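Visitor: Hi! I'm new to this one, could you walk me through it?
Guide: Happy to, let's bring it up.

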Amino acid sequence: MTVSVSLTVNGKAVTADIDPRTLLAQLLRENLHLTGTHIGCDTGQCGACTVHLNGRAVKACNLLAVQAHGANVTTIEGICGAHGELHPMQAAFREHHGLQCGFCTPGMVMNAIELAQKHPNANEATVRAELDGNLCRCTGYHNIVKAVLAGAADMSKSVNNSVKG
Amino acid sequence: MHTFDYHRPATLKDAVALLKKTENARPLAGGQSLTPALKMRLAQTPALVDLGALEELRTIKLEAAVLTIGAGVRHSEVAESKDVKIGLPVLAKLAAHIGDRQVRNMGTLGGSLANNDPAADYPAAVLALSATIHTNRRSIPADKFFTGLYETALKPGEIITSVEFPLPKRAAYVKFKQPASRFALVGVFVSEGGGQVRVAVTGAANSVFRLKDMEKKLGEKFAPEAIAKVKVSADKLNSDLHAAADYRAHLISVLAQRAVGEALGGK
Ligand SMILES: Cc1cc2nc3c(=O)[nH]c(=O)nc-3n(C[C@H](O)[C@H](O)[C@H](O)COP(=O)(O)OP(=O)(O)OC[C@H]3O[C@@H](n4cnc5c(N)ncnc54)[C@H](O)[C@@H]3O)c2cc1C
Ligand code: FES
Ligand code: FES
């Protein structure tokens, strides 16, 4: 069976005829070539594939693409400013060395953006608890937590912190 | 995944008809349990009927003595709902600690109950609060709903539409997380209301269950010390690489006392 799915990805309308087994992560990476969404575990555990579905963080490897029909999807490619400037959360990861190999980073950033929107004054304990859906095998998390705290502070300061999707 | 047909009905009526049409067709809610099972070929189905477009399953209604939550309401929506926080704060807190943010943003109440994972959180709340599960066909009391390992009283093609929680006088849920999966290694939900005390345990056996010895003692005196000496048998409890049965039995006793303390307003 082939089904037609229509959704908005990073502000652009997309329609595709797909096998209903297609995962959202697959549609993004293989059909749309948005390879910033990483597949780490492919079992819903590691969070590397995190994207936003109507503004909420979800694991794209644990979602059928058809479940995103009619929805707004934002990936790591869709969060920068109009002229390509880094999102405040991305800038904070760079500034605070919140990555080593970078494999987990897109998922961390996407989760951290919703975290910061939900908890604008998050403290360290909240950040650690709320990042529990994202695993990193390199950093030991300390600098990720620093980056998220700084990114959250910048997001609440920044007038232009509206994230698409 | 094995192949399947996919349907996205717009009404409950159409969803019921589609499930009826194909033998072994299955509803899809958040997909946080079903999709991994399909991916690992632990489950297969000729047709998935996606309940995602059914707005009628997505309401939360707070009345004087009951809170009714639609089967399609997501864990994060329960955690953030004003009505749930006012009427049944213990449930908002429980939902806020299911899995992780991404799982909570997709997973639903109905999906969790229909799945009846032995370590899931909602079944403990439903059983301890003596909730009623409404389906497209009937209303099932909590005591009759959970029938075994991943088994429920649901018949093929039956769809949970909502869950009705009577509001307790007091209640608390204490979960000891299995740190890798975040499911309950053991979770104990205690509630007092409508003239009865109920204690439900998840994570410890093949399905959620009640501890009637503790309920009786707490009915006489609702205090942690009232159950400190109630012996919990390890006989039917799970042993796995995370915990042995006697460890789980001990945890049940400790967590139940903590839950009673928390229900009384202590911490
Ligand atoms: C990483 C991870 C961590 C998790 N941690 C926890 C945890 O700590 N605690 C916990 O409780 N759970 C946990 N879960 C499970 C999670 O809560 C799931 O969301 C839930 O078990 C299933 O809900 P769903 O809406 O995703 O259902 P689905 O996966 O879509 O469906 C599950 C089953 O229910 C059936 N179904 C769905 N809706 C209905 C309905 N309305 N009527 C009848 N049948 C229906 C489906 O056919 C299927 O058999 C975790 C999951 C993951 C991936
Ligand atoms: S790749 Fe999706 S959670 Fe790991
Ligand atoms: S930076 Fe390598 S996995 Fe996180």
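Predicted model: local features only at pLDDT ≥ 70, side-chain atom pairs only at ≥ 80, totals over all residues.

Visitor: Okay, helices first. At what angle do α2 and α5 of chain A cross?
Guide: Roughly 145 degrees. Helix α2 covers residues 88-95 and helix α5 covers residues 142-157, and their axes come within 8 Å.

Visitor: Is that crossing of α2(A) and α5(A) left-handed or right-handed?
Guide: The crossing is right-handed.

Visitor: Which residues in α2(A) and α5(A) meet?
Guide: On the α2(A) side you'll find Pro88(A), Met89(A), Ala92(A), Phe93(A) and Glu95(A). They meet Ala147(A), Ala150(A), Gly151(A), Asp154(A) and Met155(A) in α5(A).

Visitor: And what classes are the residues in that contact of α2(A) with α5(A)?
Guide: Seven are nonpolar, one is polar and two are charged.

Visitor: Switching topic: what domains does chain B have in the domain assignment?
Guide: Domain 1 spans 5-166, and domain 2 spans 170-263. Their C-alpha centres lie 23 Å apart.

Visitor: How many residues of domain 1 of chain B are in contact with domain 2?
Guide: There are 22 from domain 1, in contact with 24 residues of domain 2.

Visitor: Which element gives the most to the domain 1 side of chain B that touches domain 2?
Guide: That's α8(B), with five residues. Helix α8 (122-128) of chain B, along with α5 (89-96) and β8 (146-148), each supply at least two residues there.

Visitor: What about the classes on that side of domain 1 of chain B?
Guide: The residues there divide into 14 nonpolar, five polar and three charged.

Notes:
Residues numbered from 1 in each chain as written. Chains lettered and ligands numbered in written order. Axes fitted to C-alpha atoms, helices over the stretch in contact; angles between N-to-C directions. Helix = DSSP H or I, 4+ residues; strand = E, 2+ residues; numbered from the N terminus. Left-handed = near helix turned anticlockwise from the far one by under 90°. Contact = placed C-beta atoms within 7 Å. Nonpolar A, V, L, I, M, F, W, Y, C, P; charged D, E, K, R; others polar. Domains from an automatic or database assignment.
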